[in-house]
Protein chains: 4
Amino acid sequence: MYMLSAFVDIRVRYQETDQMGVVYHANYFTWFESARIELLDQLGWPYREMEQAGYLLPVLGCEASFIKPAQFDDRLQVRAFIRKHISARIEISYEVNRLETLLALGKTTHAFVDKKGKLIRPPKTFVDLVNTKD
Amino acid sequence: MYMLSAFVDIRVRYQETDQMGVVYHANYFTWFESARIELLDQLGWPYREMEQAGYLLPVLGCEASFIKPAQFDDRLQVRAFIRKHISARIEISYEVNRLETLLALGKTTHAFVDKKGKLIRPPKTFVDLVNTKD
Amino acid sequence: MYMLSAFVDIRVRYQETDQMGVVYHANYFTWFESARIELLDQLGWPYREMEQAGYLLPVLGCEASFIKPAQFDDRLQVRAFIRKHISARIEISYEVNRLETLLALGKTTHAFVDKKGKLIRPPKTFVDLVNTKD
Amino acid sequence: MYMLSAFVDIRVRYQETDQMGVVYHANYFTWFESARIELLDQLGWPYREMEQAGYLLPVLGCEASFIKPAQFDDRLQVRAFIRKHISARIEISYEVNRLETLLALGKTTHAFVDKKGKLIRPPKTFVDLVNTKD
């Protein structure tokens with residue numbers, strides 16, 4: 001199954017650690033967001049513009065599994081993947097790596113919503129971008 | 001399957017909202033933490049004391065699904081559930097309600113770890129507390 | 001100088017700690033927010049309603065000084081104070097205590113803003129509430 | 001007065017916004033942290049190594065003033081400044097800019113602390129690095 005992907009470099013902030021001396025788990029979802037935003041940039045429709053055009057992409061579900069802890073000052077690569085085939089539910093998956101070491105996996109599920117919060121089909125612009133992107 | 005549970009009352013903070021006008025999804029995991037801490041209190045072994053005794057309970061995995069958005073100033077009840085049967089993996093599930101309305105469901109998976117980060121069996125104290133608690 | 005005040009009880013979340021084993025400093029501002037929201041409740045004009053009426057109260061400046069660290073699971077009292085005399089700039093000050101121990105002091109400065117972000121005078125409703133409140 | 005400085009590029013995260021549609025004020029302190037960490041890197045003693053050597057640099061006080069709001073997806077430059085003259089209290093100041101537009105100013109005050117939390121003089125290594133750095 002063909003996938004599109006994009007990544008961001010993350011440097012772990014002190015604020016993101018907890019007293020276990022590792023990154024607090026909920027912060028991975030913020031990193032996933034950064035990778036997702038980058039993915040939309042790469043697709044050619046930045047999320048900022050998508051919202052201005054009246055399309056929102058809220059998170060309907062999310063999950064992560066943690067293999068090794070990330071620590072303060074780590075340089076991480078967070079990559080977001082989306083399948084070429086778009087359905088009503090948009091699934092994006094994630095990998096967090098520190099060099100060659102896989103630290104975490106994740107997934108978020110989204111649906112397009114209009115400004116009133118009503119679920120709508122993925123806009124044609126979006127579907128076309130995903131379908132034509134190499 | 002018999003479950004133990006405990007809940008916390010949450011009042012949604014402005015800081016927890018995002019520009020969609022609803023609570024940012026990652027914040028639910030912090031609320032789950034509050035409910036989990038309360039559950040351990042109710043079991044009779046507060047997490048603060050558990051850590052001082054050398055036992056850590058990191059999050060190995062987490063997930064949530066969002067049914068309706070929580071909004072600024074909402075009063076929520078966040079309830080954590082644990083099964084009476086304890087295995088090496090501790091699973092805790094969560095419900096977020098605003099009065100009678102279910103807003104979100106979640107789950108976290110944990111394992112006991114010692115101070116060096118080595119996976120260990122659930123301490124007998126913990127297993128006994130779960131088993132004997134009504 | 002006569003002051004009005006209100007407080008909230010805070011139980012420190014694990015998420016709010018960092019790897020120094022204490023609360024990360026920026027989190028105090030979120031607690032200040034909770035106390036400020038409570039203060040507006042006590043005044044009789046909850047912030048949620050104020051926003052719905054078209055009045056925003058953004059933070060123009062903020063500061064805090066930290067005397068002793070707050071730690072995971074601490075039960076704190078965070079109190080917000082406002083002077084009876086209201087000018088264009090609204091100043092609110094804060095105290096964070098753990099039982100009899102003062103942990104931190106803070107201040108935030110606000111101005112009323114309309115929905116377009118334009119600075120406006122404090123609405124008469126607000127001034128009257130502050131002036132008539134015992 | 002001669003200053004040393006360093007900066008980081010920040011791209012505003014959706015998570016950092018609130019329902020006013022701008023960045024929540026407390027998040028600036030996390031950005032200040034990133035700039036401060038970069039400053040210590042440039043000085044030649046990264047904070048990660050400083051902690052491993054037994055020196056902590058907690059925040060004793062912090063403040064910020066907000067001139068214009070930062071918004072989702074903004075590209076910001078956050079710069080930290082430290083004076084060449086080091087005393088027991090380390091003061092670091094900050095500027096947040098979006099291109100040529102100044103968005104915010106800030107300051108944090110720190111003191112060196114050993115692993116037991118006792119206040120200590122700035123280590124000679126640190127003072128020398130600041131004094132000899134161009």
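How many bridges join strand 2 of chain A to strand 2 of chain B, and do these strands run parallel or antiparallel? I looked this up and found five bridges, with the two strands antiparallel. Strands count as paired if DSSP finds at least two bridges between them. Helices (H or I, at least four residues) and strands (E, at least two) are DSSP runs, numbered from the N terminus.

I note that the model is predicted: local features need pLDDT of at least 70 and side-chain atom pairs pLDDT 80 or more, while totals for chains, interfaces and linings use all residues. Residues are numbered from 1 along each chain as its sequence is written, and chains are lettered from A and ligands numbered from 1 in the order in which they are written.

I next looked up one bridge: A:Ala64 has B:Cys62 as its partner in strand 2 of chain B.

I then examined the contacts between chains A and B (C-beta atoms, placed from the backbone, within 7 Å). Here 15 residues of chain A touch 15 residues of chain B. On the chain A side, helix 1 (27–43) and strand 2 (59–66) each supply at least two residues, and strand 2 gives the most, with eight. I recorded the division of this side as 10 nonpolar, four polar and one charged. Nonpolar means Ala, Val, Leu, Ile, Met, Phe, Trp, Tyr, Cys and Pro; charged means Asp, Glu, Lys and Arg; the others, Gly among them, are polar.

Finally, I checked backbone angles. A:Asp73, not a glycine, has a positive phi of about 80 degrees. A:Asp73 sits in the loop between strand 2 and strand 3 (75–83) of chain A.

Technical notes. Two residues are in contact if their C-beta atoms, placed from the backbone, lie within 7 Å.
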